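Look at the fold as a whole before turning to its parts. The text below then takes the parts in order.

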Amino acid sequence: MIDTHIHADARSGEDFNEMYVSGIDVAVTCAYYPYIINNDSILLNHLMRILNYDTKRANEYGLDLKVALGIHPTNSNVDGELIYENLYKWIENKEIIAIGEIGLEDLTEKEYEVFKKQLDIAEETKTNVIIHTPRKNKEKVLDEILDILPEHISPEYVVIDHINSNVVDKVISTDYTLGLTVQPQKMDKFEAIDILNEYSFDKFLLNSDMSNKPSDPLSVPKTIRELTRQGFNQKEIDKIAFKNAEKFFNIDSC
């Protein structure tokens, strides 16, 4: 199994061990600094910690941690130039598999600027992006994201994350990959399964968004086991368990 969106820097080694023992071989950790900062160097230090320290921590427990880095909308008040410069280096050196998570939160002018700049870098370098949609005003913010994306990036590079039953109709007919987040206070496994049952398994990735917020590090395997218990076709289950993620991120979890 692959958990396609976590925040490893906010979690303990015991969580990594639980994930690995439960059958998760690979996880994708994303950038998010949970405090207000206005200094590129502080943010860069945080991103370097994810890249060089948290990957080693996870690996000690058997978990292969892939990395997505970028400027989360919550951190968009930084200048950004130092981060953009390093994004090019990380992409060139194949140290990251995506720019993320990026997106919009409060629809500030600076959020738009930072979001568009990172999309442009991704398009230029043919790099995947993991796009955040917020808990609050999700529909309004998603509409803004959908207006911006076609002007800056090809759909093949994009996963729009934290999609739920309230907004899935807005994106299901697009060419974007869609992320389902099974996390307390966001969506439970049964809502995720209802979406998969109605819209098929082909367009979706599955994740826990395990972070500093209330989280379940085992929400991916719990959802997969529930799909099995309900008698869904194993080939379909494999798509959401790992095959779609392998294809989108071009990774080998074997």
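What follows goes from the sheet to a pair of helices and then to some backbone details.

This is a predicted model, in which local features need pLDDT of at least 70 and side-chain atom pairs count only at pLDDT 80 or more, while totals for chains, interfaces and linings use all residues. Residues are numbered from 1 along each chain as its sequence is written, and side-chain values use heavy atoms, with hydrogens and water left out.

Helices (H or I, at least four residues) and strands (E, at least two) are DSSP runs, numbered from the N terminus. Eight strands make up an open sheet in the order 1-2-3-4-5-6-7-8, with parallel pairing. Two strands pair if DSSP finds at least two bridges between them. Strands of a sheet pair through backbone hydrogen bonds, either parallel or antiparallel. At the edges are strand 1 (2–6) and strand 8 (204–207), each of which pairs on one side only. From one strand to the next, the twist averages 30 degrees.

Start at strand 1. Five of its five residues are buried, that is, under 20% relative accessible area, where exposed means over 50% and partly exposed lies in between (1.4 Å probe, protein chains only). Strand 1 runs parallel to strand 2 (residues 26–29) and is joined to it by three bridges; Ile 2 stands opposite Val 26.

Now consider two helices. The axes of helix 2 (residues 40–59) and helix 3 (residues 81–92) come within 9 Å and cross at roughly 25 degrees. Axes are lines fitted to C-alpha atoms, for helices over the stretch in contact, and angles run from 0 to 180 degrees between N-to-C directions. Helix 2 is therefore roughly parallel to helix 3, since angles under 35 degrees count as roughly parallel, over 145 as roughly antiparallel, 65 to 115 as roughly perpendicular and the rest as oblique.

Most residues other than glycine have a negative phi, and most peptide bonds are trans. The peptide bond from Gly 100 to Glu 101 is cis, with omega near -5 degrees, and Glu 101 is in strand 4 (residues 98–103). Gln 185, in the loop between strand 7 and helix 7 (189–199), has a positive phi near 75 degrees. Gln 185 is exposed, with a relative accessible area of 67%.
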